[in-house]
Amino acid sequence: GVSFKLTLGSAATTPGFCLTFDHRSPGSLQQLLANVRTELPDYYAPWMDVAANLPHLIEGHQLRREVAKMPLLSTQYLRGHRQLRLARLALGFITMGYVWQGGSRQTVKILPRVLAVPYCTISELLDLPPILVYADCVLANWKKRDPCGPLNVENLDILFSFPGGDSNKGFFLVSLLVEAAAATGIKAIPMIINAILHHDRCSLETALQDVALSICKMREAFKLIHECVNPGAFFRSLRIYLSGWKDSFLMPEGLVYEGVWDSPKQFSGGSAAQSSTLQCFDVLLGIQHRAAQGFSAEYLGCMRDYMPAAHRAFIQTLASGPSLRQFVLATGDAGLRAAFNKCVLALVDLRSYHIQIATKYITIPAGRCRAEQQQLGGCVHEGTSVLSERGTGGTGFMRFLKVVRDTTRKAQLTEQ
Ligand SMILES: C[C@@H](C(=O)Nc1ccc(Cl)cc1)[C@H]1[C@@H]2C[C@H](n3cnc4cc(F)c(F)cc43)C[C@@H]21
């Protein structure tokens, strides 16, 4: 597995930007990923047992009682990044379950200290917000059935679930497979930067072809969602549990983290915008979501704080490096322009596909939900408007996707 360290610094040959690879371990990137530790010291069994039983405890209305029985555990016995990520994953699932167990009708306003204190300690150590993020429930929430087997749906399982049955597994694993398909494209990025620094057009064109191919593979992986996720189960159940408490109609002040802060704090819910690959390809291709579109500009920027620190740093370093767009334009090379535009068009297709998926899994079920409630004379505001308009849930998210897709389309290079 190769892990990339893009570091700024003036190396002897190339002032300003040098690349270092540190090959952590032999074997495929998948082996590196597959070593996600799926166990913690027994001391943490109270967390792991509740997290592993979450659907059952929520459906049986026992989660509150189980949490009340939970001891206040110390985080000192957690060893290394993987155990911190796994502990954070378990506490994140329990926290979302605890806050949203009553559906979007009656939420809690206080997270008990037995959860809030360790959750905030671990989140501080990992430089992540104390709320479940994409990097938890997608990137850290999986294991292979057969460790030597392939990275595909048949050989993968998730570690934790919310109520909503198999659609949890489908939603998180399809997201993971889209991320895994992005790996080839991400691995081509250091080659691209090096090719620019050494004015090596041939290597640059080859690396750009790898990126375009990788983005096409992401779209292929994304198609699996149709057979693995049920729109109703996603919309009525899973989506609720991924919701946050920022700009939220239901929790206008946010959540009190007992024993950590005196006042309630607001944090955004899980969202595809927290996917590092979603933001990485934009930055590589110089696609800026301008402030004019308010919603997407600050939102995308804020979501970088909800990514692992290493991913955030990679994107930041990429953004401050040499501009691929400017280089390709400056060469005036038609072949390079064509290779660049193939990447942009592949990204437009992927975004268009993402919009189709969001329509099927959010917009249409939301319409049905509103119609049902009007017939029942229920308050119409229940649907998506009750939950945060950002993140994975709201119609605001559709607007965000369309703005991002249209901005991407305009990023094609035309002959100067
Ligand atoms: C299945 C969906 C989802 O919303 N997953 C999700 C959301 C929130 C949480 Cl908390 C957990 C999972 C979508 C997956 C594929 C992901 N994707 C990664 N790179 C992308 C680049 C692109 F251009 C692009 F269009 C989509 C891209 C986005 C999410």
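This is a predicted model: local features need pLDDT of at least 70, side-chain atom pairs count only at pLDDT 80 or more; totals for chains, interfaces and linings use all residues.
1. Which two helices does the pair of Phe 222 and Tyr 353 link? Phe 222 belongs to helix α9 (residues 201-222) and Tyr 353 to helix α16 (residues 334-375), so this pair, with residues 131 apart, links distant parts of the chain. The ring centres of Phe 222 and Tyr 353 lie 5.6 Å apart with their planes at 65°, and the pair is therefore edge-to-face. Both Phe 222 and Tyr 353 are buried.

2. Another pair to look at is Tyr 257 with Phe 267. Their ring centres are 5.8 Å apart and the planes stand at 85°, which makes this pair edge-to-face. Tyr 257 is in strand β6 (residues 256-257), while Phe 267 is in the loop between β6 and α12 (276-284), so the pair ties together parts that are ten residues apart in sequence. Tyr 257 and Phe 267 are both buried.

3. Charged side chains also meet rings here. Arg 239 lies over the face of Phe 235, 3.7 Å from the ring centre. The charged end of Arg 64 sits over the ring of Tyr 98, at 5.5 Å from its centre.

4. Next, helix α6 (residues 113-126). Why does its length agree with expectation? At 1.5 Å a residue, its 14 residues should span 20 Å, and the end C-alpha atoms are 19 Å apart. Asp 127 follows α6 and has a positive phi, near 55°.

5. What do the buried residues of α6 pack against? Their partners are α2 (45-52), α4 (63-69), α5 (80-100), β3 (110-111) and β6. The buried residues of α6 are Val 114, Leu 115, Ala 116, Pro 118, Tyr 119, Cys 120, Ile 122, Ser 123 and Leu 126. As background, an α-helix has 3.6 residues a turn, so residues three or four places apart point the same way.

6. Finally, the cysteines. How many disulfides does a search of the whole structure find? The search finds zero. Cys 302, for example, is in no disulfide: the nearest cysteine sulfur, that of Cys 280, is 18 Å away. Is Cys 302 buried, exposed or partly exposed? Its relative accessibility is 34%, so Cys 302 counts as partly exposed. Cys 148, with a relative accessibility of 76%, counts as exposed.

Definitions and conventions
Residues are numbered from 1 along each chain as its sequence is written. Side-chain values use heavy atoms; hydrogens and water are left out. A disulfide is a pair of cysteine sulfur atoms within 2.5 Å. Buried means under 20% relative accessible area, exposed over 50%, partly exposed in between (1.4 Å probe, protein chains only). Rings of Phe, Tyr and Trp (its six-membered ring) pair if their centres lie within 6.5 Å; planes under 30 degrees apart count as stacked, over 60 as edge-to-face and the rest as tilted. Helices (H or I, at least four residues) and strands (E, at least two) are DSSP runs, numbered from the N terminus. A charge sits over a ring if NZ of Lys or CZ of Arg is within 6 Å of the ring centre and within 35 degrees of the ring normal. The expected span of a helix is 1.5 Å times one less than its number of residues. Contact means heavy atoms within 4.5 Å.
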